[in-house]
Amino acid sequence: MAAALPPAGRSKGDIREEVWEHLEASGLADFPRPVRGRIPNFKGSSHAASRLLGLQQFRAARAVKINPDAPQRNARFLTLEARKTLLVPTPRLRTGLFNRIVPPPGASKEVLRRCATSQGVRDFSVPVGLDSKAQVDLVVVGSVAVSEKGWRIGKGEGYADMEYAMMVSMGAVQEDTPVVTIVHDCQVLDIAEELLGDHDLTVDYILTPTRTIQTHCKRPKPRGIMWHKVSSEMLGKIPILKTLRWREKQAGKDVTLQDEHPALADTSRAAIPDRKVMAANPQPWSDPVNPKSVNPESEGSDTTTTVYVGNLPGSLRVSQLKSALRELQVLPAALKWQGAQHRAFLDYREQGAAHRALSSLQGLSLGGNALRVELAKSHRDKGQGEINTHK
């Protein structure tokens, strides 16, 4: 039986607070503590995760995507032990969508358990690019609360919903790809359907320490990224999202953002996320009207970080590359164009901006060519061909 129905009118936030408070007060919460603000870990999470072994969908899966939170640690271990491909989302999607966990050859159970921890995820991960053609056979997500109908409430930041939508956009999941969540029995609650949005991810199976629940959920899962619900602030925080937006725009899809949409945005507030994006990615091109606003002394700064872009098609013009960089919000301080060699060098004054450019450009194709993108061996190249990117 599900837990008692929360009083009418409870919001998602109310339900989250109720679950977090109950887990702490009842002694069910487990490390890391406190669980408030997290996908909560709970006593018995390992046993709940072991119910994966009873799912035919898990046994048949070749690649499993599992979130990096503590309650799913044993699910990650079981996936590695079964010699399946384990994909784990990057924290807050800062450097891509997900990484593949690659244990060392001949890894023992102890090593596999270490690979399944948060530290192991960092130490044994290999980035998976947008063009990797990854296929995910099973998705495991964390939840703060979930109903027996399959309606899920996360911790409120929207990353699990966005991860799934991005996987749809990449073609990594299909409509019938099963979604599983692992929770304590007390997290299974009645949830009012009106609390759900069309971007909310639903689940097909709920694993608890005492039960395996098949939800038979009929509510459609997200069919891709709903750009009208994405803010400029979120776009600035998730580089890979900018790349996907560029691709979908090139494919002719409507990629108007929440604060660009006149019917959805309050124009008095729309500029706020834009300012935050620029502050998070400071570049001299933030003042496009006056290119002379660049500090000339910084041109020769030793702190400049250079990104190499190769495999440029011979027909590509520098203006087209600049347009793509501008669209992805990673326009550099200077661009050195070497079209005859099918390459270019992008100079950034901040290392963080260079790494954001790396993430945004990974998997990008121009003129039919998949770009090769990496940090340049030399961070400064004073040769000819330097182009002012403000023009």
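In the protein chain, residues 24 or more positions apart account for 70% of the contacts (heavy atoms within 4.5 Å) that have a separation of 6 or more. The model is predicted: local features need pLDDT of at least 70 and side-chain atom pairs count only at pLDDT 80 or more, while totals for chains, interfaces and linings use all residues. Residues are numbered from 1 along each chain as its sequence is written, and side-chain values use heavy atoms, with hydrogens and water left out.

The protein chain contains 12 helices and 17 strands; these are DSSP runs numbered from the N terminus, with helices being H or I of at least four residues and strands E of at least two. Of its 391 residues, 49% count as buried, where buried means under 20% relative accessible area, exposed over 50%, and partly exposed in between (1.4 Å probe, protein chains only). The chain exposes about 18,600 Å², and carbon and sulfur atoms supply 50% of this area. Accessible areas come from the Shrake-Rupley method with a 1.4 Å probe, and for residues only the protein chains shown count as cover.

The largest pocket has a volume of about 1,200 Å³. A pocket is defined on a 1 Å grid over the protein atoms alone, as an open set of points where a 1.4 Å probe fits, with protein on both sides within 12 Å along at least five of seven lines; lining residues have an atom within 4 Å of a point. Grid points are joined across faces, edges and corners, and the volume is the space filled by probe spheres set on the points. The lining of the largest pocket comprises 47 residues, and Lys-155, Glu-157, Tyr-159, Ala-160 and Glu-163 lie nearest the centre. At least two lining residues come from each of α1 (12–25), β2 (85–89), α6 (118–123), β7 (152–153) and α7 (159–170). Helix α7 gives the most, with six residues. By class, the lining has 20 nonpolar, 12 polar and 15 charged residues; Ala, Val, Leu, Ile, Met, Phe, Trp, Tyr, Cys and Pro count as nonpolar, Asp, Glu, Lys and Arg as charged, and the others, Gly among them, as polar.

Arg-152 is found in strand β7 and is buried, with a relative accessible area of 6%. A polar atom of the Arg-152 side chain lies 2.8 Å from the backbone oxygen of Gly-142. The side chains of Arg-152 and Ser-143 are joined by a polar contact of 3.3 Å. A polar contact is a pair of N or O atoms within 3.5 Å; within protein, one must be able to donate a hydrogen and the other to accept it, and residues adjacent in sequence count only if both atoms are side-chain atoms. Not counting residues up to four places away in sequence, Arg-152 also touches others, including Val-141, Ala-160, Asp-161 and Leu-196.

Positive phi values occur at two non-glycine residues. Phi of Asn-311 is near 65°, and this residue lies in the loop between β11 (305–310) and α11 (318–327). Asn-311 is partly exposed, at 40% relative accessible area. His-342 has phi near 60° and lies in the loop between β12 (334–338) and β13 (343–348). His-342 counts as partly exposed, at 36% relative accessibility.
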